[in-house]
Amino acid sequence: MAFEERLEAHRVDLTGYCYRMLACAAEAEDAVQETLFRAWKNADRFDERKAGLRTWLHRIATNVCLDMTRSVQRRALAMDLGPSSPAGAYLGAPLGAAAFVQPIPDRLVLPVDGDPAELAAGRETIRLAFVAALQVLPPRQRAVLILREVLCWTTEEVAGLLDSTPAAVNSALQRARATLSARTRGSGEVDEDLLERYVKAFTTYDVDGLVALLHEDATMSMPPFAWWLSGREAIRAALLGAGGACADDRLVRTAANGSPAFAQYRDGKAFGLVVIDLRDGLITNTTTYLEPSLFPLFGLPMTPGPLSRM
């Protein structure tokens, strides 16, 4: 196999790593491209007797990502930027996409096939909440946690990659675990019947039907605005006050960040990408990215096709 082909075989793995580090699909793809370019340019320095190709590529990718984190702001979810808004509150000025954790298609960061248990674990580590929690960590601590907990590298391997010591790696991992444990909760199985009911209630603007699908502590946000709602009753009040704005919108199923997602079309045009988190058979969070520019990344058309079942 040619060296270029060997490099390309690691693209999905590297993209997943860089996305967790940077929380943005476009920046992750840029980081991977730079990683593969540096690897190709320095192919004569690669010695497989000292380290495998995957290890070498992740060393390069780590350096690329650490360089990139020095020049960009920390990305977050709306819930990390301030208190929840009351129903009916003004959305405020958009902050811009750079302020927020950006979604990514599953296909770019998860293997097409593989062990079902490993795929399930992989999905958990690209959830929006998990990726947002990672951004709270200092970049090197973030790299340690991803390499040890997500990619299952040994302490010695991580220490070698970061030119550190096993003791320092273990210390960083302990601090990272403590930070994340207070911020993340696991997601539940995808309930197709629940999603069918969500689509029906959403597209007919059945507010009571939508609210019945929500956890009592559900949240709703709409990047690029910092505005967000907390709690079933606040969401109900906001939906009732919106005057049926979504009544004739179309939803088309896709997948983002290991979660079910929908392309939302309004007036025959791309409107937003809705990412849904589930737990205990109910919806815990809906994040609607009001950024039609995301549609090509997800292979979605800018105008909806003929009506069909989900």
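**Exercise 1.** Work out in which sense strand 1 and strand 6 pair, and over how many bridges.

*Solution.* Start with the two runs: strand 1 covers residues 214-221 and strand 6 covers residues 282-289. Strands here are DSSP E runs of at least two residues, helices are H or I runs of at least four, and both are numbered from the N terminus. Two strands count as paired if DSSP finds at least two bridges between them. This pair is parallel, over 4 bridges.

A word on the model: it is predicted, with local features needing pLDDT of at least 70 and side-chain atom pairs counting only at pLDDT 80 or more, while totals for chains, interfaces and linings use all residues. Residues are numbered from 1 along each chain as its sequence is written, and side-chain values use heavy atoms, leaving out hydrogens and water.

**Exercise 2.** Decide whether Met21 is buried or exposed, and list what touches it.

*Solution.* First, locate Met21: helix 2, residues 11-22. Its relative accessibility is 0%, so Met21 is buried (under 20% relative accessible area; exposed is over 50%, partly exposed in between, with a 1.4 Å probe and protein chains only). Next, skip neighbours within four places in sequence: the contacts (heavy atoms within 4.5 Å) include Cys65, Leu66, Gln135 and Ile146.
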